Amino acid sequence: MSALKAELAGLIREEGPISVSRYMALCLGHPSHGYYMKRDPFGAQGDFTTAPEISQMFGELIGLWAAHVWQAMGAPASLRLIELGPGRGTLMADVLRATKIVPGFREAASVHLVETSPALREVQARTLAGLAAPVWHDGIATALDGPVLVLANEFLDALPLDQFVMTPQGWRERLVGLDAAGELGFGLSTVDAGPSPAAPQGAFLEQPLAALDIVAVLARHLAEAGGVALLIDYGSIRSGFGDTLQAMKSHAFTPPLSEPGEADLTVHVDFARVAQAGLSSGAAAHGPATQRDFLLALGLGARAQALSHKASRDQGAAISAAFDRLTEQGATGMGELFKVLALSHRNLPPLPGFDLHRLPEQA
């Protein structure tokens, strides 16, 4: 039994079953045994690969998009360029390299990274050496100051949420407890979870309060101080019922309770609710769009062609493969599964990449 699994079992024996959100928070962020606290999980040798690790084209386009937005903001002389959950620092490095061609942007932007993992902070420092002198933050509150450009790629999916199940007696919270053999297992509370939407028996309802709280904080700052937040993640455009909790290890799915602290835990992002949280807190919402549509609108096809003209045969094949992966369609393809949403100050004009994508209530 792993150290975290033993600790969780002891906690449950002492206090009783715990919420799914508490389980996720401990698995991912436990100071000693949390998944993100002790490893670099990215890339072929890790547990999963993110878009910035697939190709430099992703970060370059995001960088040029950010510089365009900065100009639309009136090119403020001081700007905080913030990334939430910056991974290895690959996205930020590509953004900074791409924006060298935009006069004044690099001089205006100071880099701020919201990262709680000591292991990943070390990797980020190495990646950004010679490009920036980042300031690290444990939370978003200290990172926000004045006009900001916030980037968050695969950040919201790792925030804890609570789950509820519709039973013949009404909604009951899903909890993590111990079975007769002392193994971690799911169960339901005996207490009515209160009024919620009508749903068929067995339906799952997820409450992403941590994500919505962070989005509300972001939106209020954007409304007051100016700026834009770009949120990229996998999830749905419309709200619905379903159990989206999943665990990933060595690029394969594994049961969420089987290896606490040793596998990545994530959930799908409800972009309709995220957008509504931003709107309710005073920001404007742009999108959501699919990642495919967003990247193609920013010129991914032209960028891939330009790189291929200068590339060897093997390099050209790699560029083509990266393009295909970033834009792949279908329910599990990155281009369709991943969505892109921007929140901004209400006075900003329409943002690139979102011209044809608006929530039904905004159309």
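Strand β7 (residues 170-178) is largely enclosed by the rest of the structure, because 8 of its 9 residues are buried (under 20% relative accessible area with a 1.4 Å probe, protein chains only). Strands here are DSSP runs of E with at least two residues, numbered from the N terminus. The model is a predicted one, in which local features need pLDDT of at least 70 and side-chain atom pairs count only at pLDDT 80 or more, while totals for chains, interfaces and linings use all residues. Residues are numbered from 1 along each chain as its sequence is written, and side-chain values use heavy atoms, with hydrogens and water left out.

Strand β1 (residues 18-19) pairs with β7 in the antiparallel sense over 2 bridges, and Ile-18 has Val-176 of β7 as its bridge partner. Strand β6 (residues 162-167) also runs antiparallel to β7, joined to it by 4 bridges, with Val-165 opposite Arg-172. These two strands, β6 and β7, form a hairpin with 2 residues between them. Between β7 and strand β8 (residues 184-192) there are 6 bridges, again in the antiparallel sense, and here Leu-175 stands opposite Gly-187 in β8. The hairpin of β7 and β8 has 5 residues between the strands, and in it Gly-182 takes a positive phi near 80°.

Strand β11 (residues 246-249) pairs with β12 over 3 bridges, and Met-248 stands opposite Phe-253 in β12.

Finally, a search of the whole structure finds 1 cavity of 30 Å³ or more, a cavity being a set of points on a 1 Å grid over the protein atoms alone where a 1.4 Å probe fits but cannot get out. The largest cavity has a volume of about 60 Å³, a volume being the space filled by probe spheres set on the points. Its lining residues, which have an atom within 4 Å of a point, include Leu-156, Pro-208, His-268 and Asp-270.

Key. Pairing = 2+ DSSP bridges. 1 Å grid on protein atoms, 1.4 Å probe; cavity = no way out; pocket = protein on both sides within 12 Å on 5 of 7 lines; lining within 4 Å. Buried < 20%, exposed > 50% of the residue type's maximum accessible area, 1.4 Å probe, protein only.
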